[in-house]
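Open the structure in your viewer and keep the selection tool ready. This tour goes stop by stop, saying what to select and what is there.

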Amino acid sequence: MHSSTSHKHKVVVTRNLGPDIMPLLLDHPDLEVITWPEDRVCDRSWFLANLPGASGALVMLSEKINAEALDKAGRTLKVVSTMSVRYDHVDLDAIAQRGVKLGHTPDVLTDAVADLSVMLALMAGRNSKETTSIVQNGEWPNFNWAPFSFCGPQLSASSFSPTRTAGFIGFGRIAQATLARLIPFGFTHCLFTGNPTSNSSSSVASSIQAKYPTLKAVRRVGLDELARESDVVFVLAPGGDKTYHIVNEAFLKQMKKTAVLVNTSRGTLVDSDALIKALREGWLWGAGLDVVEGEPNIGLDHPLVREPRCVVLPHIGSATNESRLGMATLAAQNLIAGVLGEPLPAELKLTK
């Protein structure tokens, strides 16, 4: 319970979160809510101009939370709540040094992104010059049918390919949820990489093996082995300097010619130039991308968009009504708890 007070905490919200969520903030007796009024990415100048004196900020991935923004807010700032799982747009050192709490929205989008990851694997595997022609021209391609027209590698296991290996760069919640969806397709092996400082790989592998007894092997491996052995490589690691271009030319050259690459994490993890070269020269079969380096400035003339063996979506991994409602609710709850000095429902613990 909070005692009534005439003082209200100023909070800056960089996007209208809709009629189901905004009342949580607008009707709160302890909050003065300043909301970016337009239905587009918040202008940086507006954001900075409204930060001074704010106790909290609720932001999207488009807002850079760096020393400039934190200095503008000043010592009154208690919490930054981002409506995202990832926090590449936040300077963690700068926010930790100022003692500002950081809330994010894990878990609520896990299933939506896992669903899309498997869908992209299916689409990229079946993609070909013939199917791309249908999409681009809006009509059935004008050529003679042949026994192997429209064919691509099958995702599921079969009598011809009884072994199926999924490789995961990053093996957190979303990766494990993606693996769960692959089990009914007959996947038999799981390879993964993760944080090299983690000592829990063996316990994770054991628990996954116990949970899915049809898996013949679950192993943490190096990137080279993962590239060589995987039928589908799922890129699901955080962004940042440590994972920048982790999928590069050397990695792609080692992939099976029938393999598919799926990226539903951050565009910066995949070297776009290397991937374009790999697809054109047939180092792998295809790619399914929900994220592309340089987004949102990706036009129809982008080489990956034009590449027949690449399926590109506009970063819609969490774009279900259920997940976005959950994310927005959690972001609002993190903001409120932070300004009132309560524990955040989902706080990223930072060290100075």
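Start with the aromatic rings. The count of aromatic pairs comes to four. Keep in mind that this is a predicted model.

**Stop 1: two tryptophans.** Select Trp36 and Trp46. They form an edge-to-face aromatic pair. The ring centres are 5.4 Å apart, with 65° between the planes. The angle is over 60 degrees, so the pair counts as edge-to-face. Now show the secondary structure around them. Trp36 lies in the loop between strand E2 (31–35) and helix H2 (44–50). Trp46 lies in helix H2 itself. The pair therefore ties together parts that are ten residues apart in sequence. Are these two residues buried or exposed? Both Trp36 and Trp46 are buried.

**Stop 2: a group of phenylalanines.** Select Phe168 and Phe171 next. Their ring centres sit 5.5 Å apart. The planes meet at 50°, so this pair is tilted. Phe168 has a relative accessible area of 0% and is buried. Phe171 is buried too, with a relative accessible area of 11%. Together with Phe168 and Phe171, they form one aromatic cluster.

Stop 3: Select strand E6, which covers residues 165–169. Click on Thr165, which is part of this strand. Its relative accessibility is 7%. Buried means under 20%, so Thr165 counts as buried.

Stop 4: Select helix H8, residues 201–211. Colour its buried residues: Ser201, Ala205 and Ile208. They cover an arc of only 70° around the axis, which puts them on the same side of H8. The face turned away from the buried side carries the exposed residues Ser202, Ala210 and Lys211.

**Stop 5: an arginine over a ring.** Finish with Arg309 and Trp285. Arg309 lies over the face of Trp285. The distance from the ring centre is 3.7 Å.

Key. Residues numbered from 1 in each chain as written. Predicted model: local features only at pLDDT ≥ 70, side-chain atom pairs only at ≥ 80, totals over all residues. Heavy atoms only, no water. Helix = DSSP H or I, 4+ residues; strand = E, 2+ residues; numbered from the N terminus. Buried < 20%, exposed > 50% of the residue type's maximum accessible area, 1.4 Å probe, protein only. Phe/Tyr/Trp six-rings, centres within 6.5 Å; stacked < 30°, edge-to-face > 60°. Lys NZ or Arg CZ within 6 Å of the ring centre and 35° of its normal. Arc of directions from axis to C-beta.
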